[in-house]
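Let's take a walk through this structure together. Please have the coordinates open in your viewer as you read.

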Amino acid sequence: MDQLTNPYTPNAGAEPPVIVGREDQIASFSLLLGRLQRGRTEQSMMITGLRGVGKTVLLGKFREISLAENWVVLELEVSKHDEAEFRRVLGYRVRTALLELSPRSRWSERAKRAAAILRSFSVSVDPAGSLTAGIDLEIAEGYGDHADLGLDLVDLLVAVGEAAAEAGRGLVMLIDEIQFLSSAQFEAVIGAIHKVVQRRLPVTLVGAGLPQIPELAGDAKSYAERLFKFPEIGSLDRGDADAALASPASEEQVSFSPEALRAAFELTGGYPYFIQELGYAAWSAAAISPIEAVDIASASEVYESKLDSSFFRVRLDRATALQRRYLRAMAELGPEPQKASDVAELMGRRSTQLGPTRAELINMGLLYTPQHGYAAFTVPHFDRFMHRAMPEGFAD
Ligand SMILES: Nc1ncnc2c1ncn2[C@@H]1O[C@H](COP(=O)(O)OP(=O)(O)OP(=O)(O)O)[C@@H](O)[C@H]1O
Ligand SMILES: [Mg+2]
């Protein structure tokens, strides 16, 4: 069918025509904003889930809702940066947020104070002052300059929160890939949110990342559990998966036969990204509506090779030979979480010998630890891919 009208969105973070099956998280978020606007407190969220389940899409939806409610939105995607880089990026985002709150010419005393604290916050990582260029204010000595991210963030967020409250607005921080924060950074962020919540300031944080986040909370754990819910999003059930395929098509007066929907679910397992990829390929494969099971069958080859050459492949490309063998051995054992000792045994080594390899894979975001001593793939269907990518197995 016509590629011009292909409605599917097989791209990272691309908002699908319909966001299916996430009604609960969207309702929780709206409630959170509504309550904060009324000066009440409410637990925020850390959304967890495997690769490609729709975490970034959900944050995008939260952004939309926040803007419609006139909140200022601060978005940040964490990558593996050191502390200085995190501080610098955060500084830039806070600067934008302050300017969005009101133009500099109309800054109140509170906004000026927040800007002064931003200067002290960023002076160590931006000595030339390019971050605060145009904000010609004195550094707020004694605030935001303790050389301790936790203490400094408290000063900064409290000041920004006070400026926002005064302007009758609020600040939503949306942090993606939050599992890449070090535990010190994570604790600092949680601690600062704890402070602004105590002061009933209209500032909140929603994070999204791989399922190891709750563990990351470390020493900040008891706060974290009080401040956040940790909803896990995953594959869609059969009804939602069907809707994710069928409703975008119906907008274009195209339908799927029941057999096609069944065949599609068997391939995708209901994973949102896989649904988009298969829908896209099926649209191209089918000549006319309704899309039939044979169209799904003929699309499945393109679908699989597309996934293999991009989504799966990019993760494997970064891995060393030993890391690949480790992943392949895990795949040999199956898609479920695997015990470190079982993987080692299969590879004829001791767990301690392979401990560093396993830790590296976790660090790279390829594996996560659903419970102590176990590791699982962060990418759905990765075990099947490993069989295809290394048919020879995991031997040297
Ligand atoms: N609720 C949904 N219904 C239908 N499609 C969705 C839904 N959520 C996400 N998608 C689609 O799934 C794909 C992956 O979404 P997204 O990039 O948000 O996942 P993610 O969880 O952030 O993945 P990653 O961990 O790799 O960053 C995109 O193609 C998006 O269009
Ligand atoms: Mg994402």
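**A guided tour**

Histidine 381 is buried, with a relative accessible area of 15%; buried means under 20% relative accessible area, exposed over 50%, and partly exposed in between, with a 1.4 Å probe and protein chains only. The phi of histidine 381 is near 65 degrees, a positive value in a residue other than glycine. Histidine 381 sits in the loop between strand 8 (374-377) and helix 16 (382-389), where helices (H or I, at least four residues) and strands (E, at least two) are DSSP runs numbered from the N terminus.

A word on the ground rules: this is a predicted model, in which local features need pLDDT of at least 70 and side-chain atom pairs count only at pLDDT 80 or more, while totals for chains, interfaces and linings use all residues. Residues are numbered from 1 along each chain as its sequence is written, chains are lettered from A and ligands numbered from 1 in the order in which they are written, and side-chain values use heavy atoms, with hydrogens and water left out.

Back to the backbone. Most residues other than glycine have a negative phi, and most peptide bonds are trans. Asparagine 70 also has a positive phi, of about 70 degrees, although it is not a glycine. Asparagine 70 belongs to the loop between helix 2 (55-68) and strand 2 (72-77) and is partly exposed, at a relative accessible area of 45%. The peptide bond from serine 289 to proline 290 is cis, with omega near -5 degrees; proline 290 lies in the loop between helix 11 (272-285) and helix 12 (293-317).

Now zoom out to the domains. Domain 1 (23-229), domain 2 (236-315) and domain 3 (318-389) make up the assignment, with bounds that come from an automatic or database domain assignment. Taken over C-alpha atoms, the centres of domain 2 and domain 3 are separated by 29 Å. Their contact (heavy atoms within 4.5 Å) takes 12 residues from domain 2 and 11 residues from domain 3.

About 1,000 Å² is buried between domain 2 and domain 3, and carbon and sulfur atoms give 61% of that area. Buried area here is the accessible area (1.4 Å probe) that two parts lose on being put together, summed over both. On the side of domain 2, Phe312, Arg313 and Arg315 lose the most area to domain 3, together 53% of what that side buries.

Which charged pairs can you look for? Across the interface of domain 2 and domain 3 there are 2 salt bridges, a salt bridge being a side-chain nitrogen of Lys or Arg within 4 Å of a carboxyl oxygen of Asp or Glu. Glutamate 304 forms a salt bridge with arginine 388, with the closest N and O atoms 3.7 Å apart. Helix 10 (258-268) and helix 12 each supply at least two residues of the side of domain 2 that touches domain 3, and helix 12 gives the most, with 7 residues.

By the salt-bridge rule the count comes to 14. One of them pairs lysine 229 with glutamate 42, the closest N and O atoms being 3.9 Å apart. This pair links distant parts of the chain, 187 residues apart: lysine 229 is in strand 5 (residues 228-229), and glutamate 42 is in the loop between helix 1 and strand 1 (44-48). Arginine 313 and aspartate 317 also meet in a salt bridge (3.9 Å, N to O); both lie in helix 12, 4 residues apart, about one turn of the helix. Finally, salt bridges that share partners join Arg35, Glu42 and Lys229 into one network.
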